[in-house]
Amino acid sequence: MNGQGEWTDEQRAEIAAEMGRIRADQRFSASSRCVALLQHLVEHALQGNHERIKERLVGIEVFERKPDYDTNSDPIVRLTATQNRKRLERYYQDPENQGAVKIRLVAGSYLPQFDFKDQEL
């Protein structure tokens with residue numbers, strides 16, 4: 001896994017291609033919320049906008065919540081992130097989805113991680 005924002009043009013292209021495959025997969029295409037959240041998180045991570053990957057900001061930007069919404073009473077970001085983690089896990093269990101990069105959302109964080117096959121131990 002590369003550090004924050006240290007991706008080559010080729011790796012960025014692999015991430016974009018993987019996002020296209022994920023969006024098209026039935027596990028994701030059935031949930032516009034999951035797709036919207038994952039796309040948002042990946043785009044901001046690639047742009048190095050890590051300060052924009054905070055629960056409240058994501059709720060406002062992705063789910064059109066008001067700026068003063070209560071993240072405790074409206075846990076849409078947490079719930080959708082959890083759904084994405086489960087969907088990604090199932091997606092990558094399929095041998096057909098073992099491409100050049102694996103996108104992960106680690107529990108406790110909204111910052112996606114990218115594991116490249118050529119960098120695995």
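**Exercise 1.** Against which elements do the buried residues of α5 pack?

*Solution.* The structure is a predicted model. Its chain has a mean pLDDT of 91, and 93% of the residues reach 70 or more. Confidence is highest in α5 (residues 76-93), at a mean of 97. Next, list the buried residues of α5: I76, V77, T80, A81, N84, R85, R87, L88, Y91 and Y92. These residues pack against α1, α2, α3, α4 and β1.

**Exercise 2.** Determine how α3 and α5 are oriented relative to each other.

*Solution.* Begin with the axes of α3 and α5, which come within 9 Å and cross at roughly 90°. Angles of 65 to 115 degrees count as roughly perpendicular. The two helices, α3 and α5, are therefore roughly perpendicular to each other. On the α3 side, the contact is made by R33, C34, L37 and L38. On the α5 side, the contributing residues include I76, V77, T80 and A81.

**Exercise 3.** Describe the largest nonpolar core and the surroundings of I22, one of its residues.

*Solution.* The core holds 30 residues, of which I15, I22, F28, L38, V42, I103 and F114 touch the most other members. Two or more residues each come from α1 (9-24), α3 (32-47), α4 (55-63), α5, β1 (101-104) and β2 (113-116). The largest share, eight residues, is given by α3.

Notes. Residues are numbered from 1 along each chain as its sequence is written. This is a predicted model: local features need pLDDT of at least 70, side-chain atom pairs count only at pLDDT 80 or more; totals for chains, interfaces and linings use all residues. Side-chain values use heavy atoms; hydrogens and water are left out. pLDDT is the predictor's confidence in each residue, from 0 to 100. Helices (H or I, at least four residues) and strands (E, at least two) are DSSP runs, numbered from the N terminus. A nonpolar core is a set of buried Ala, Val, Leu, Ile, Met, Phe, Trp, Tyr and Cys residues joined through side-chain atoms within 4.5 Å. Buried means under 20% relative accessible area, exposed over 50%, partly exposed in between (1.4 Å probe, protein chains only). Contact means heavy atoms within 4.5 Å. Axes are lines fitted to C-alpha atoms, for helices over the stretch in contact, and angles run from 0 to 180 degrees between N-to-C directions. Angles under 35 degrees count as roughly parallel, over 145 as roughly antiparallel, 65 to 115 as roughly perpendicular and the rest as oblique.
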